[in-house]
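Biologist: Hi! Could you walk me through this one while I have it open on my screen?

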Amino acid sequence: MQLSEEQLRAWMTAGLDGDAAAHIALLRALAPMLRNFYRRRLRGAEDDIEDLVQETLIAVHTRRASYDRDRPFVAWLYAIARYRMIDHLRRQRVSVPVEALDEILVSEGFEDAASARVDVARLLAGLSPKQARAIRDTHIEGLSIAEAAAAARIGESDVKISVHRGMKALAARIRGVRP
Amino acid sequence: MNTDDLIRTLGTDVPPVRRGTLRRRIIGGIVGGGLVSLLLIGWTLGFRPDLWIAMHGFAFWMKWIYTASISLIAIAATIRLARPDAAPSRLLWLLLVPILLLAGLGIGELAQKPARDWLAMWLGGSWKLCPWLVLTLSMPIFIGLLWSFRRLAPTRLRATGAAAGLAAGASAATLYCFHCDEVSALFVLTWYSLGILLAAGVGALVGPRFLRW
């Protein structure tokens, strides 16, 4: 069963307020999540994986002051899990590419937390309606240029130009939004 | 130990963590280390005897505001990097503000003085010592920050080490102002900044080793 970000965050917050039962509930819920996380990425012995799960739970416990209550919990959790995994690989002197945090959040089923980091809707809202629609149709809904042009009753080259200009404006905006 | 037992053990020790604990912990490390540095200045270098008079003048505040603003920016960056999911920070671009302001004052100085005085003004009386003293005084503060990080979770260790070193160096330089009687903006821009940079460099060098968890 996949627990929701809201439930995990509620337990975490209660734990930070000193609620031991909520804290235990959180750690119990995290153990299988972390087990899946490491199993999928390390084809190592089960012992290694259980060690990593335990190390990560201890880090979640001892370093919980590094969690910001206003930010997604799973992003924080997987950032710790990712760090523990890199440290583990380094100790074994193997080097393998590890996905970035945003990709981990998506592959673990927390697209919301990943997209909360860059809020697409909010960014699109800053564009002209034509550009926003062109980008949404072609890049998010997956329509072809011809389909998007027909749907918006504009020319195909108009769609292409709108996408191009909109993307440029978005890129500029992201550079400004991320502090 | 199996994982269930571990969780039960961890569950026996759940002290409340208030909002803002991370920030307080970083600042606590800096203040604790800073007190040691201040004592070191008092014992070995001595505070400048005319401190009270200097505090009514421009040069003292020019130096102090330069180093203190760098310190604040670096502390903010350090606080961000103490979280595991920290995104790359553009905060450090703010450092350009104090640097460019001081450079502007430096150019003003050059315009006011004849060219034959420039070298003496730039080197002051303590250029050989100043960067090393700033670096030395930054060490207690850096150690204080290492203590802060024991319960925090940085994942970009080299960047975090550099930011912590920068914060320690700039805080040390801010305290060093209570000893140093140099008055030239160019002196501060060069030798103070060099000391602060050395501290940041040491931080970047040792970060991956000492901040590892």
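Modeller: Happy to. Let's begin in chain B, where helix α8 (residues 157-176) packs with helix α9 (residues 185-210) at an angle of about 150°, their axes being 6 Å apart. Keep in mind that this is a predicted model.

Biologist: Thanks. Is the crossing of α8(B) and α9(B) left-handed or right-handed?

Modeller: That crossing is right-handed.

Biologist: And which residues in α8(B) meet α9(B)?

Modeller: On the α8(B) side they are Leu157(B), Arg158(B), Gly161(B), Ala162(B), Gly165(B), Leu166(B), Gly169(B), Ala170(B), Ala173(B) and Tyr176(B). Their partners in α9(B) include Tyr192(B), Ile196(B), Ala199(B), Ala200(B), Gly203(B) and Ala204(B). By class, the residues of this contact of α8(B) with α9(B) divide into 13 nonpolar, five polar and one charged.

Biologist: Nice. How many helices and strands does chain B have?

Modeller: Chain B comes to nine helices and zero strands. Its pattern along the sequence reads α-α-α-α-α-α-α-α-α, and the C-alpha trace of chain B spans about 75 × 35 × 30 Å along its principal axes.

Biologist: Let's hop over to chain A. At what angle do α2 and α3 of chain A pack?

Modeller: Helix α2 (residues 20-41) and helix α3 (residues 46-62) of chain A pack at about 140°, with axes 9 Å apart. Angles over 145 degrees would count as roughly antiparallel, so α2(A) and α3(A) are oblique to each other. Their crossing is right-handed.

Biologist: What does α2(A) bring to that contact?

Modeller: From α2(A) you get His23(A), Leu27(A), Leu30(A), Ala31(A), Leu34(A), Arg35(A), Tyr38(A) and Arg39(A). Among the α3(A) residues they meet are Glu46(A), Ile49(A), Leu52(A), Val53(A) and Val60(A). The residues of the contact of α2(A) with α3(A) divide into ten nonpolar, three polar and four charged.

Biologist: Zooming out, what area is buried between chain A and chain B?

Modeller: About 3,300 Å², with carbon and sulfur atoms giving 57% of that. In residue terms, 41 residues of chain A are in contact with 36 residues of chain B.

Biologist: How many salt bridges are counted between chain A and chain B?

Modeller: Four. One involves Asp87(A) and Arg212(B), with the closest N and O atoms 2.9 Å apart.

Biologist: And how many over all chains?

Modeller: The structure holds 19 salt bridges. Another example is Asp17(A) with Arg69(A), where the closest N and O atoms are 3.1 Å apart. That pair links distant parts of the chain, 52 residues apart: Asp17(A) lies in the loop between α1 (5-16) and α2 of chain A, and Arg69(A) in the loop between α3 and α4 (73-91) of chain A.

Key. Residues numbered from 1 in each chain as written. Chains lettered and ligands numbered in written order. Predicted model: local features only at pLDDT ≥ 70, side-chain atom pairs only at ≥ 80, totals over all residues. Heavy atoms only, no water. Axes fitted to C-alpha atoms, helices over the stretch in contact; angles between N-to-C directions. Helix = DSSP H or I, 4+ residues; strand = E, 2+ residues; numbered from the N terminus. Parallel < 35°, antiparallel > 145°, perpendicular 65-115°, else oblique. Left-handed = near helix turned anticlockwise from the far one by under 90°. Contact = heavy atoms within 4.5 Å. Nonpolar A, V, L, I, M, F, W, Y, C, P; charged D, E, K, R; others polar. Buried area = accessible area lost by both parts, 1.4 Å probe. Salt bridge = Lys/Arg side-chain N within 4 Å of Asp/Glu carboxyl O.
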